[in-house]
Amino acid sequence: MLPDYLSMFLADHDCLSVENPATGEVVAKVAIHTLPQIYAMIDKATSQGRAWAAWTARDRATVLKRWHSLIMDRKEELAAICTMECGKPFAESLGEIAYAASFVEWFAEEGKRTYGETIPTFAQGKRVLTFKQPVGTCAAITPWNFPLAMITRKVAPALAAGCAMLVKPAEATPLSALALESLAVEAGLPQGLFRIVCTEDPVSVGKLFCEHPQIRKLSFTGSTAVGKTLLAQAAGTVKRVSMELGGNAPFIIFDDADIDAAVEGFMLSKFRNAGQTCVCANRLLVHDSIREAVLERLLPLVRKLKVGPGNVQQTQVGPLINRYAVQKVVALVRDAVEQGAIVLEGGGLHPAGPQFFQPTVLDCVTAGMTIANTEIFGPVVSVISFKTEEEALRIANSTPYGLAAYFYSRDIGRIWRVMEGLEYGMVAVNEGALSTEVAPFGGVKESGLGREGSHYGIEEYLEVKYSLIGGLAA
Ligand code: SIN
């Protein structure tokens with residue numbers, strides 16, 4: 001049952017069918033926007049954005065804080081929608097609502113601190129200063145794996161900075177996005193300033209966002225392949241871009257680590273959203289001398305995981321998003337086994353339904369295998385052994401990705417060496433989860449450009465203007 005405020009977005013024809021990945025059932029049909037409608041939305045957002053930019057930061061913050069409160073007040077309802085369309089366990093959906101809301105609250109405050117500078121002058125009678133201005137109308141393309149948080153992480157800083165924003169959510173998860181738009185309007189956000197664009201033609205809409213001259217900034221979260229296409233398309237209008245792309249996180253357990261803590265941290269990292277996150281552990285690198293000890297602790301925990309629909313209370317691992325995701329995981333596991341990996345647990349489809357995959361542990365994976373060089377996006381653990389710190393670092397850095405990395409060690413010298421040596425935008429030491437609104441989220445190498453969250457996140461939506469004032473000599 002959908003809340004009333006979503007009924008205005010539903011339609012019987014020219015619509016997107018939203019499926020529950022746990023059952024395959026169509027749970028809603030959402031009206032799609034035509035290209036002329038999207039052009040009109042861009043025009044309206046641009047004119048509303050000019051007015052919004054003239055509001056004081058404090059007044060903008062008041063609206064954003066009301067939006068934050070409404071999201072938190074409706075957290076159960078939003079979590080149910082999130083679980084219904086993306087499949088994650090309800091408890092994880094509740095966590096996502098709080099995570100999504102945290103960006104709104106954070107940037108409501110950060111909007112008040114977008115300071116300029118006065119710079120010591122280079123000549124008598126002249127003064128040098130800078131101030132910050134909103135970049136203008138922005139567009140975002142967001143994924144299905146965090147259908148709320150990946151929107152607020154972009155929209156909240158944009159709005160706080162004084163920009164307008166259009167968002168194209170993933171075709172699989174428009175309901176969470178539309179719910180956010182409704183609550184923003186209920187909170188007092190001017191109509192048309194933040195709009196969700198629903199389409200069954202994401203390629204054309206992505207191209208339109210990249211090429212439209214009124215859109216001054218594009219923020220994308222998704223695959224590296226699509227990110228590269230968008231980057232090339234955005235070059236024509238020299239658009240500002242932020243790209244949060246694919247990852248291939250190494251999770252390294254050194255021989256001096258607290259093994260129990262490391263395995264606990266690994267489970268947290270690996271199985272969040274059934275392994276469908278950009279920052280989840282993709283490769284488990286274990287020192288040879290503790291491999292048996294790690295597996296002894298890991299295997300019973302993996303066996304105990306409860307797989308099922310996200311709305312069933314005990315569920316810890318939900319379905320994969322669609323049949324293509326399942327086919328990809330099946331093919332990666334098959335290929336790894338053909339190349340010598342050994343299945344210690346799972347390895348195939350789960351009886352809960354056609355989109356469920358068994359929590360799987362593969363041993364004897366090597367750095368050259370496809371599974372070690374591909375973002376798995378499924379509940380599969382690939383164990384790779386190493387003998388030295390140098391070898392661990394070399395394997396960890398050996399892919400084009402550089403989003404998140406994790407390692408466990410108790411040796412302070414090693415902690416600094418490895419922390420500095422990992423070619424990643426984010427490194428967690430003795431921790432299995434690092435996402436928070438207060439810290440900069442983003443990658444290096446082919447994992448992306450720019451940072452989201454933290455005080456850095458709002459800079460992505462601001463231009464620095466330099467002003468020179470002359471004629472001041474007496
Ligand atoms: C992602 O998978 O892209 C986001 C994960 C997070 O914010 O923790």
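The report below goes from the whole chain to single residues.

This is a predicted model: local features need pLDDT of at least 70, side-chain atom pairs count only at pLDDT 80 or more, and totals for chains, interfaces and linings use all residues. Residues are numbered from 1 along each chain as its sequence is written, and side-chain values use heavy atoms, with hydrogens and water left out.

**The whole chain**

The chain has 14 helices and 18 strands. Both are DSSP runs numbered from the N terminus: helices are H or I with at least four residues, strands are E with at least two. The C-alpha trace spans about 75 × 65 × 40 Å along its principal axes. What radius of gyration does the chain have? The value is 23 Å, which agrees with the figure near 23 Å for a compact globule of 474 residues. This radius is taken over C-alpha atoms, and the globule rule is 2.2 Å times the number of residues to the power 0.38.

Of the 474 residues, 55% count as buried. Buried means under 20% relative accessible area, exposed over 50%, and partly exposed in between, with a 1.4 Å probe and protein chains only. Among contacts with a separation of 6 or more, 71% come from residues 24 or more positions apart. Contact means heavy atoms within 4.5 Å.

Helix α9 covers residues 259-271. Its 13 residues reach 18 Å from first C-alpha to last, close to the 18 Å expected at 1.5 Å a residue. The expected span is 1.5 Å times one less than the number of residues. The buried residues of α9 include Ile259, Phe266 and Phe271. Its buried residues pack against α4, β10, β11, α10, β14 and β15.

Helix α5 covers residues 149-161. Its end C-alpha atoms are 18 Å apart, which agrees with the 18 Å that 13 residues should span. How many residues of α5 are buried? The count is 13 of 13. Gly162 follows α5, and its phi is positive, near 100 degrees.

| Residue | Helix | Relative accessible area |
|---|---|---|
| Arg414 | α13 (residues 412-421) | 14% |
| Ile71 | α2 (residues 57-73) | 0% |
| Ser454 | α14 (residues 454-457) | 1% |

Arg414 is in contact with Phe254, Asp255, Asp256, Glu389, Phe407, Ser409 and Met419. Ile71 is in contact with Leu78, Ile97, Ala101, Val104, Leu180 and Leu183. Ile71 and Phe194 are 123 residues apart in sequence, and their C-alpha atoms are 16 Å apart in space. Ser454 touches Trp106, Phe107, Glu437, Val438, Ala439 and Pro440.

Most residues other than glycine have a negative phi. Asp14 is not a glycine, yet its phi is positive, about 50 degrees. Asp14 lies in the segment before β1 (15-19). Is Asp14 buried or exposed? Asp14 is exposed, because its relative accessible area is 56%.

Phe377 is also a residue other than glycine with a positive phi, near 55 degrees. Where is Phe377 placed? Phe377 is in the loop between β13 (360-363) and β14. At a relative accessible area of 17%, Phe377 is buried.

Terms used
Lists of a residue's contacts leave out its neighbours within four places in sequence.
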